[in-house]
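Thanks for coming. I will take a few minutes to walk through one model, and you can follow along on the screen.

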Amino acid sequence: MQSFFVLFLAISIAFLTQTTIIPYFEIGGVQPDLVLIVITIYAFIEGPVWGSLAGFMGGLLQDLVTIRNMGLGSLSKTIVGYFAGLAKKNVVSENVFLPMVVVFLTSLVAQIIYISFSFLVGDTIALREVFFRLIVPSAIYDSLLAVPVYLLFLKILARKKGAYYLEEERVSKKRENFIR
Amino acid sequence: MRFRRGSLNKLTLIILILASMLILTFYLREANDGILHKSQVLTTNTLASLQSGVSKVASPFNHAWEYVNNIGHLKTENERLKDEVVSLKQQIITMQTMEKENERLRKLVGFKEKTHYSTLPARVIGRYSSNWQLILVIDKGSKDGISKNMPVMVGEGLVGQIVKVSSSAAQVQLITDRKSGVAAQLINSGETGVVEGQVTGELVMNYIAKDVVVSKNELILTSGLGGVFPKGLFIGTVYEVKETPYGLYKDVRVKSYVNFSELEEVLIITDALPILPFSPEEGD
């Protein structure tokens with residue numbers, strides 16, 4: 001129940017920030033998707049079940065303010081939330097490189113899924129035209145923004161678990177060194 | 001135990017995917033007053049007051065970001081604007097003379113055309129923009145007399161049209177949105193076409209035949225043919241004309257002078273819609 005509350009709060013704050021402040025941070029026609037970043041990092045910390053739930057909730061919230069094809073956002077974000085959850089590390093560390101890579105990949109995949117399903121419902125977007133102009137730049141932007149979001153999540157969400165995980169990390173490294 | 005956890009993961013994924021697909025199917029099949037469409041209107045209304053507060057607080061930070069973002073261009077922009085002011089002053093004098101002459105000739109032939117519209121100012125309180133849609137949220141809704149399809153403008157040109165209305169807020173689809181189409185007219189040749197938004201946020205005027213002479217910087221206005229936008233609203237100017245060997249039409253690229261990413265206030269034209277025997281809310 002506590003996890004659900006944290007999830008709901010995180011997604012709601014991300015959504016409100018996305019619809020009010022984030023559009024002003026547009027660079028060259030590209031803006032980051034804070035909701036996707038939060039979904040990915042939440043999934044990365046909590047695993048595939050919570051990841052897909054976060055994806056569904058965040059996507060649906062964004063769908064509620066779309067003017068076309070409600071359901072596509074929740075569909076694409078549920079799928080990437082699930083796969084980001086599979087990348088869950090048993091040990092949460094402060095190394096930001098892996099979450100950056102995961103956010104980059106989820107951003108790419110979510111947009112490609114969105115375009116593919118849009119095509120199925122008769123809403124064509126030329127992938128070749130937008131891949132290097134929109135999709136890749138926004139995935140890079142998302143991965144950069146993932147760093148502060150991940151560190152914030154580590155402080156808030158993993159406050160209880162963090163000490164345990166970090167300790168586990170030290171133990172597992174020691175164990176690896178010992179085996180070598 | 002591991003198998004059970006794996007099954008739970010997959011089951012959750014499948015259920016949520018199916019739920020999303022069901023929502024999509026119902027949304028595409030239901031009418032505009034269906035429960036999912038209504039839930040969108042309700043969300044817009046609920047979020048409006050919250051967004052209004054957040055946008056007020058965030059406004060100074062947004063200005064600071066805009067300043068930082070534009071700092072490299074300021075000097076060249078300033079010089080360009082000075083040149084433009086001189087040129088525009090000349091144009092104003094010419095246009096004032098033409099307007100007087102036009103008015104005199106209209107009176108002479110007894111021709112009446114509406115050139116001034118009632119407008120209602122509104123504040124931009126949010127943006128439902130992503131790579132795939134460009135939507136503004138404004139703080140005026142049906143209780144202020146706003147209805148679907150009303151055109152939205154600023155001094156620099158046409159902004160878009162109202163696509164969703166709740167009681168205290170409305171959504172504006174920008175003309176740069178990939179699904180937007182505005183019936184337009186080239187001012188020199190009088191040729192009509194449709195100015196369409198692109199997924200990249202650019203504007204293209206389509207359906208201009210190859211034999212039509214289109215000059216760079218030619219003004220593009222609304223033609224009034226679509227039944228949504230009244231005739232004579234400024235959209236932008238031509239900045240590039242391309243011809244493809246096998247295409248039937250010219251590829252006319254349009255430059256809008258509206259800074260869509262920094263809009264804070266807009267004007268809604270409230271009396272431009274054609275009088276229909278049914279409410280615009282009913283059809284789509």
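The C-alpha centres of the two domains of chain B, domain 1 and domain 2, are 21 Å apart. Domain 1 covers 70-109 and domain 2 covers 181-255. Keep in mind that this is a predicted model.

Now to the sheets of chain B. One of them is a closed barrel of six strands, in the order 6-7-8-11-10-9, and its pairing is antiparallel. On average, with direction ignored, neighbouring strands in this sheet are turned by 40° against each other.

Strand 7, residues 192-197, and strand 8, residues 203-209, are antiparallel and share four bridges. If you want a place to look, B:Glu196 has B:Val204 in strand 8 as its bridge partner. Strand 8 of chain B also pairs with strand 11, residues 249-255, again in the antiparallel sense, over five bridges. There, B:Met205 is bridged to B:Val252 in strand 11.

Strand 11 of chain B has another partner to look at, strand 10, residues 234-243; six bridges join the two, and they run antiparallel. How many residues lie between strand 10 and strand 11 of chain B in their hairpin? The number is five. Within this pair, B:Glu243 has B:Lys250 of strand 11 as its bridge partner. As background, the strands of a sheet pair through backbone hydrogen bonds, either parallel or antiparallel.

Chain B has a barrel in the order 1-2-5-4-3-12 as well, where six strands close up with antiparallel pairing. One of the pairs is strand 3, residues 151-154, with strand 4 of chain B: they run antiparallel and four bridges join them. B:Met153 is bridged to B:Leu158 in strand 4.

Next, the contact between the chains. On the chain B side there are 43 residues, and they touch 39 residues of chain A. Which elements of chain B give two or more residues to that side? They are helix 1 (2-29), helix 2 (35-70), strand 1 (119-127), strand 4 (157-165) and strand 5 (170-174). The largest share comes from helix 2 of chain B, with 13 residues. Sorted by class, the chain B side has 20 nonpolar, 20 polar and three charged residues.

Last, a helix pair inside chain A. Two packed helices are described by the angle between their axes and the distance between the axes. For helix 2 (residues 34-46) and helix 3 (residues 48-63) of chain A, the angle is about 165° and the axes are 7 Å apart. Because of that angle, helix 2 of chain A is roughly antiparallel to helix 3 of chain A; the cut-off for that word is over 145 degrees. The crossing of these two helices is right-handed.

Which residues meet there? From helix 2 of chain A they are A:Val35, A:Val38, A:Ile39, A:Tyr42, A:Ala43 and A:Glu46. On helix 3 of chain A, the partners include A:Trp50, A:Ala54 and A:Gln62, and also A:Gly51, A:Gly55 and A:Gly58. Eight residues of this contact are nonpolar, four are polar and one is charged.

That is the end of my part.

Notes
Residues numbered from 1 in each chain as written. Chains lettered and ligands numbered in written order. Predicted model: local features only at pLDDT ≥ 70, side-chain atom pairs only at ≥ 80, totals over all residues. Domains from an automatic or database assignment. Axes fitted to C-alpha atoms, helices over the stretch in contact; angles between N-to-C directions. Parallel < 35°, antiparallel > 145°, perpendicular 65-115°, else oblique. Left-handed = near helix turned anticlockwise from the far one by under 90°. Contact = placed C-beta atoms within 7 Å. Nonpolar A, V, L, I, M, F, W, Y, C, P; charged D, E, K, R; others polar. Pairing = 2+ DSSP bridges.
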